[in-house]
Amino acid sequence: MCGSGDKPPKPSENGASSCPAGSTTQTCPLKKPHLVELIEVVARSPEGTVVGAGAASGKLATKTTRTDKKGAAYKQFINLGKDIDGADKRHPEYSRAVELRARVEGEGSLSGLTVNFRYVLTPGKDRPAGMTGGVKEGFSSDGGAATTSSSTDAEGWSGTVEFHLSQYAGDQYEVFAQLSDGGAEKSIGKFEVWRKFWYQMTRATTHAVPAPAKSVTAYAAVCADMLAATEVTFTKATAPAGTFYPAYMVRKNGGDGEESVIGNHNRDQFYLKFSPEPGKPVKGHLIICRNQWDPAAAPTGLVNESLTTDPSAEITVALGQWNAGIVKPALKGSLVSFGQWTQGANSGAITDADIVIEKTRSGIDRFKVKLPAGAPAPTAAAPVNVKLKLNYGTYWGGESNDHQMLIVYDGDDKAFNQAVSHEFGHGFALTPSDGKQTAPLTKHATYYYNDQGGQGPHCHTDATLVVDASTSSGKRWSGGTCIMYHQLSPSVCKQVFCAACEPHLKLKDMSTIKTAR
Amino acid sequence: MLIIRQTQIDVLAQLRLREFEDRVLEHLRHWMPRHSLLLGEEPMRRVVQHGLRKARRYGLDSECTVIGYVDLMCLLGSGFDTDPLLPWAAPILTEAARGDPVERGDRLYDAAWEYIGRIVADYRDQDGKPLTERLVLLLREGRATPREELAEAAFPAFGEDLQRTLATYFPAKAAAVGEAQIAALAQRARRRADQHRLSGQRGILLLAVLMFILGDGFDNDPLLPWVSPILTADADEATRVDRLFASGTENLRRWWDMEKTNPGH
């Protein structure tokens with residue numbers, strides 16, 4: 001029945017004698033000790049075989065089977081500890097080390113034979129030249145020796161040999177073993193350097209958000225599996241105050257429907273919705289909102305208006321920023337920081353209750369004043385003067401704070417995916433400034449910082465430097481195509497880590513999510 | 001001087017053989033766990049003894065080559081050495097310059113696994129999961145074949161139907177074997193049916209399918225002890241064919257169910 005699973009060894013390697021079966025003679029020559037298997041093992045009390053990159057053992061029970069593959073190579077997730085799910089569930093496919101044993105069979109004593117181990121590397125794309133020390137591969141330790149040896153015991157087993165893969169994603173390894181006095185060489189592999197991380201999406205139940213498929217693809221291209229963890233949802237009842245606003249408050253012509261608004265005023269409470277899991281230690285928290293708004297640090301300048309009607313005509317306040325607006329209630333504290341009406345010697349206070357924001361307002365920097373009871377009715381002949389300072393907010397497209405990431409999803413899948421990939425990229429320390437790159441990589445060729453646009457370190461691949469008075473350098477990179485470009489640019493972003501970023505990301509072990517600063 | 005009688009030597013030889021059989025059984029429990037579980041120890045011991053006799057006939061008498069021979073019996077059917085659908089086996093087994101049996105056993109092994117590599121797509125999907133349903137579907141389709149006697153004039157059409165059916169359910173194996181061999185299989189199935197007192201289309205088709213799936217010698221295979229009692233039973237053709245269908249389906253289901261519950265060792 002050809003449906004059988006594991007392949008049995010060939011006659012010369014099945015461990016049985018070469019003497020005639022059932023022989024009663026004593027003259028049969030001894031079958032010379034020879035290597036019959038090179039297997040991957042995992043110590044799960046007791047030790048057992050890992051099937052996949054290697055075959056099942058003729059002697060040692062199978063404990064687990066590797067299933068994560070890219071092409072013919074088995075993925076080794078170097079950024080995770082082997083025992084994160086407990087020693088009894090030890091993961092052979094985690095950490096940089098794979099554990100191997102060879103076994104000898106034959107007649108006569110099997111102990112004290114020397115098995116030599118070596119490896120063959122197929123370098124990952126753009127692996128930097130001159131990798132040394134801790135980021136390099138080797139036997140017994142990170143950056144260890146290129147070969148190693150082990151003596152067999154009475155049953156013909158070598159000791160457990162650790163082979164440590166490099167830290168460079170995409171590097172592939174095949175390991176070989178051979179008895180020191182020759183004979184057939186056995187091989188195992190290939191193993192390929194990968195990393196794995198998870199994302200927990202936290203969103204409003206009313207806010208349908210797609211899986212970030214383009215981000216998953218972008219990370220797979222740099223040999224990192226990005227996997228969904230359990231989603232968390234919230235409602236108005238379970239969200240902090242100030243989370244839901246009618247859309248017209250945050251967007252011109254936005255309508256009455258309520259949308260999530262998350263920012264400095266409430267994000268700490270959303271951070272608490274993150275569910276740490278020991279088995280998913282590298283997990284990012286994607287807090288998805290429809291709008292990201294932060295309360296401005298200081299109120300507007302003094303608004304000085306002369307009202308001739310009540311309510312007033314629409315008043316535009318100069319906010320000094322393209323990404324700012326007035327919402328009621330204010331994101332934090334009271335909307336009116338200072339408010340006073342005067343007519344001649346009469347005066348009174350203007351409070352939040354007197355600020356009117358209409359669904360039809362012509363911009364989010366506009367409002368009306370409805371004078372409070374007791375104030376005179378203004379006319380053209382007898383206007384009422386109003387002085388105001390309002391607390392306002394600024395809106396953004398996403399931010400990251402280590403594993404906590406605030407992401408806007410407004411229905412633009414490309415922008416959403418870029419934001420997710422981008423913030424995780426920061427979490428994995430992209431884009432490194434000169435001196436902060438992992439050796440032996442040289443300076444990141446297209447790195448720039450705040451003075452040329454954005455907040456934080458970014459990448460300007462395919463961008464051009466344009467004049468921009470709002471930056472400290474007077475210039476700004478425009479039209480970048482890399483995920484790590486500072487602006488959400490769905491029409492030009494290629495949804496990939498560019499050739500300049502790719503090797504830097506591939507040489508990260510990704511064992512933590514720590515924002516580059 | 002110590003004198004050893006022939007009877008003592010015979011006893012010693014029996015003991016050594018028994019020990020050898022035990023070692024092969026242990027090997028089979030590890031590498032062919034489903035065969036061992038399905039048959040049980042004594043029937044498997046008879047398989048080993050059968051394999052030993054045949055391997056010795058071909059000069060493959062080393063312990064390791066006998067084990068390799070029994071492995072191939074389990075994978076390809078006990079009669080793989082004379083199976084016309086496996087024409088690569090006989091030349092290696094019967095070559096005049098026999099040479100080192102271990103080296104020849106290795107060549108037989110390599111040829112067998114090269115063949116298995118070409119047909120395995122019919123048995124397992126890309127992830128290595130067994131494709132159970134197509135076996136059952138094939139048997140079910142066979143069961144819908146008329147019971148009427150297969151007239152000589154209808155035989156060419158029967159052969160064409162067999163070609164089409166096997167190519168549908170087992171495309172990789174049908175391609176590996178080739179049309180000419182399947183045409184010859186139809187002829188052999190008809191002769192074999194005659195030996196088993198079967199003349200209806202349904203019975204002949206069933207024999208052809210089982211010869212194709214389980215091996216040409218499936219009706220006398222110690223690995224398939226349920227077959228022979230059905231075929232030689234004192235019962236009419238319809239009853240025996242129905243039992244063969246039922247037992248075939250049942251045994252295949254048990255085989256694959258064991259895969260589900262016992263995927264490893």
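**Helix packing and a hairpin**

Modeller: Two packed helices are described by the angle between their axes and the distance between the axes. In chain A, helix H1 (residues 213–220) packs against helix H4 (residues 413–427) at an angle of about 40°, with the axes 8 Å apart. Axes are lines fitted to C-alpha atoms, for helices over the stretch in contact, and angles run from 0 to 180 degrees between N-to-C directions. Helices (H or I, at least four residues) and strands (E, at least two) are DSSP runs, numbered from the N terminus. This is a predicted model: local features need pLDDT of at least 70, side-chain atom pairs count only at pLDDT 80 or more, and totals for chains, interfaces and linings use all residues. Residues are numbered from 1 along each chain as its sequence is written, and chains are lettered from A and ligands numbered from 1 in the order in which they are written.

Colleague: Which residues of H1(A) and H4(A) make the contact?

Modeller: Lys214(A), Ser215(A) and Ala218(A) of H1(A) meet Asn417(A), Val420(A) and Ser421(A) of H4(A); contact requires C-beta atoms, placed from the backbone, within 7 Å.

Colleague: How do strands E22(A) and E23(A) run?

Modeller: E22(A) (residues 336–343) and E23(A) (residues 346–349) run antiparallel, joined by 4 bridges; strands pair if DSSP finds at least two bridges between them. Gln343(A) stands opposite Asn346(A) of E23(A). The hairpin has 2 residues between its strands, and Gly344(A) takes a positive phi near 60° there.

Colleague: How many helices and strands has chain A?

Modeller: Chain A has 5 helices and 33 strands. Among its contacts between residues at least 6 apart in sequence, 67% join residues at least 24 apart.

Conventions. Two residues are in contact if their C-beta atoms, placed from the backbone, lie within 7 Å.
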